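Colleague: I'd like to learn how to read the inside of a protein model. Can you walk me through it?

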Amino acid sequence: MWVRMMRRGMPTWIWRLAMVLVLLCCIVSLLYMLACTPKVEDGQPILPRVNGPTGKDNFQVLLEEREEQHRNYINSLKKQIAQLKEELQERSEQLKAVQDRYGDSLGANFDRSSPEKTQADLLEFLHSQIDKAEVHSAVKLPTEYAVIPFESFTLQKVYQLEMGLTRHPEEKPVRKDKRDELVEAIEFALEILNTPEDEGATNHRMHAAADFVEGIYRTEKDKGTLYELTFKGDRAREFKRLVLFRPFGPIMKVKKEKVDTSNMLINIIMPLAKRADKFRQFMHNFREVCIRLDGRVHLTVVYFGREQMTEVKAILENMSREANYKNYTFIPLEEDFSRGKGLDVGARAWKGNNVLLFFCDVDIYFTAEFLNTCRLNAQPGKKVFYPVLFSQYNPAIIYGHHDYVPPIEQQLAIKKDSGFWRDFGFGMTCQYRSDFINIGGFDLDIKGWGGEDVHLYRKYLHSDLIVIRTPVRGLFHLWHEKRCVDELTTEQYRMCMQSKAMNEASHAQLGMLVFRHEIEAHLRKQRHKTSVRKP
């Protein structure tokens with residue numbers, strides 16, 4: 001009975017087994033096809049197009065495309081190899097030049113000579129980098145655009161020209177590497193200061209970070225980073241200056257010197273025409289900074305024309321009487337205003353010994369710290385100082401949402417919304433009279449206001465004098481209305497209006513003025529919604 005049942009069910013069982021085998025074969029075939037299908041690039045169709053090549057033709061097209069890709073890749077590799085060969089040839093020539101300069105082959109020295117000889121060769125090479133980096137002598141530059149400006153810093157802040165949209169004109173070093181770099185430079189300088197030059201010295205003064213006054217630094221991508229650090233000296237009005245250099249290696253001492261500023265008189269030269277109210281404001285700052293705090297300043301005013309001259313002379317005489325100050329010169333000129341002519345006449349009128357000149361305008365505000373910075377960065381026959389001042393925006397816009405405009409002293413904050421570094425201006429400069437005379441002074445053919453300062457700046461860039469260009473924290477240009485007269489050409493008027501806009505407010509503040517109607521409409525809607533919600 002059981003056998004008969006088995007015989008009846010056998011065909012069904014065999015049928016089911018065959019179906020399973022067929023299904024397994026289909027699955028294996030499908031997997032094989034998937035595994036063998038060639039990989040396609042992104043964007044290419046997996047299946048042939050309706051009107052495109054099919055079968056063998058399709059694979060032929062794919063092979064040709066892949067071959068083209070390989071050819072492009074090979075060409076790219078060939079170009080890279082050619083570039084590497086050129087760089088290798090250039091490096092080989094540089095190495096040969098260094099070997100020729102130092103005599104025997106550096107490679108042979110490194111392999112066969114003593115460690116002392118190797119170190120001496122390395123130091124000689126590093127010092128050659130210093131010689132290239134405008135540390136000891138000037139490098140003549142073709143235009144003002146070739147100048148690499150310094151950045152200035154204190155223990156708390158860095159003052160930088162390159163800001164973009166996110167950085168600020170004055171800020172704490174945010175990046176850790178930059179912060180560590182400046183801290184290392186200051187600590188290295190302190191170690192030098194605190195190491196007595198005479199081992200037997202017993203009264204050597206120890207310096208601390210609190211003695212650091214200010215520093216400037218700049219990086220040249222093919223040479224290294226130069227630092228000039230200033231510390232308080234052992235006596236009042238004395239400073240210690242250290243020059244350091246980092247040639248993309250260990251930081252090195254270049255120079256250490258004492259600078260005694262006690263007898264460094266500054267002659268401030270100011271050309272002026274009218275503007276008696278601005279001159280009164282300038283003299284208020286002059287009396288506080290130059291007479292009460294500094295005491296080593298001479299003032300030379302070169303006045304053009306007769307209008308308001310009596311009022312200007314009265315301001316000078318009253319200040320002289322009240323502060324017992326006689327160290328000033330007033331030079332009247334009966335001619336049209338020329339800033340270059342006024343500065344040139346004022347500089348040449350000095351009859352004493354060689355004096356440090358500060359060319360200044362009536363709408364400039366400076367601090368006592370700036371006067372010392374002026375003294376420290378100018379050296380006769382060696383250096384001239386071109387500070388980048390901070391230009392104030394229109395206070396009426398900056399403080400328009402306040403109840404009142406604060407006093408000038410409280411307005412002078414180096415912030416992104418209060419002003420900008422005037423890096424396109426070269427009018428305020430510190431230089432010794434001997435350098436000014438030797439360079440040829442101003443171009444007296446330039447009339448009016450502007451142009452003469454850039455011309456003088458370019459002459460210094462072409463000379464053997466080092467030009468120090470850096471933002472400074474104690475020199476400000478006070479805002480005043482800029483008028484674009486109708487006599488200007490269309491192009492001059494357009495440029496004048498662009499300059500006026502740049503001096504009025506920051507990008508964000510001007511944007512708020514442009515969209516003020518939209519902002520006011522939004523605020524009205526918000527107030528209306530708030531009033532509706534109230535019971």
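Colleague: How do the residues of the lining of the largest cavity divide into nonpolar, polar and charged?

Modeller: Keep in mind that this is a predicted model. The general idea: rolling a probe the size of a water molecule over the atoms shows where empty space is left. Here, the search turns up three cavities of 30 Å³ or more, and the largest cavity holds about 190 Å³ of space. Its lining has 21 residues, and the closest to the centre are Ser152, Glu214, Ile216, Thr373 and Val472. To your question: seven of the lining residues are nonpolar, nine polar and five charged.

Colleague: Which element gives the largest share of that lining?

Modeller: Strand 16, with five residues. Strand 1, strand 4, strand 5 and helix 9 each supply at least two as well.

Colleague: Now helix 13. How many of its ten residues are buried?

Modeller: Start with the general idea: an α-helix has 3.6 residues a turn, so residues three or four places apart point the same way. In helix 13 (residues 452-461), seven of the ten are buried, among them Val454, Leu456, Tyr457 and Leu461. The buried residues pack against several elements, including helix 8, helix 12 and strand 16.

Colleague: And is arginine 296 buried or exposed?

Modeller: Buried, because its relative accessible area is 7%, under the 20% cut-off. Arginine 296 sits in the loop between helix 6 and strand 9. Its side chain reaches the backbone oxygen of threonine 261 at 2.6 Å. Further along the chain, its contacts include Arg237, Met264, Cys290 and Asn372.

Terms used
Residues are numbered from 1 along each chain as its sequence is written. This is a predicted model: local features need pLDDT of at least 70, side-chain atom pairs count only at pLDDT 80 or more; totals for chains, interfaces and linings use all residues. Side-chain values use heavy atoms; hydrogens and water are left out. Helices (H or I, at least four residues) and strands (E, at least two) are DSSP runs, numbered from the N terminus. Buried means under 20% relative accessible area, exposed over 50%, partly exposed in between (1.4 Å probe, protein chains only). A polar contact is a pair of N or O atoms within 3.5 Å; within protein, one must be able to donate a hydrogen and the other to accept it, and residues adjacent in sequence count only if both atoms are side-chain atoms. Contact means heavy atoms within 4.5 Å. On a 1 Å grid over the protein atoms alone, a cavity is a set of points where a 1.4 Å probe fits but cannot get out, and a pocket is an open set with protein on both sides within 12 Å along at least five of seven lines; lining residues have an atom within 4 Å of a point. Grid points are joined across faces, edges and corners, and a volume is the space filled by probe spheres set on the points. Ala, Val, Leu, Ile, Met, Phe, Trp, Tyr, Cys and Pro count as nonpolar, Asp, Glu, Lys and Arg as charged, and the others, Gly among them, as polar.
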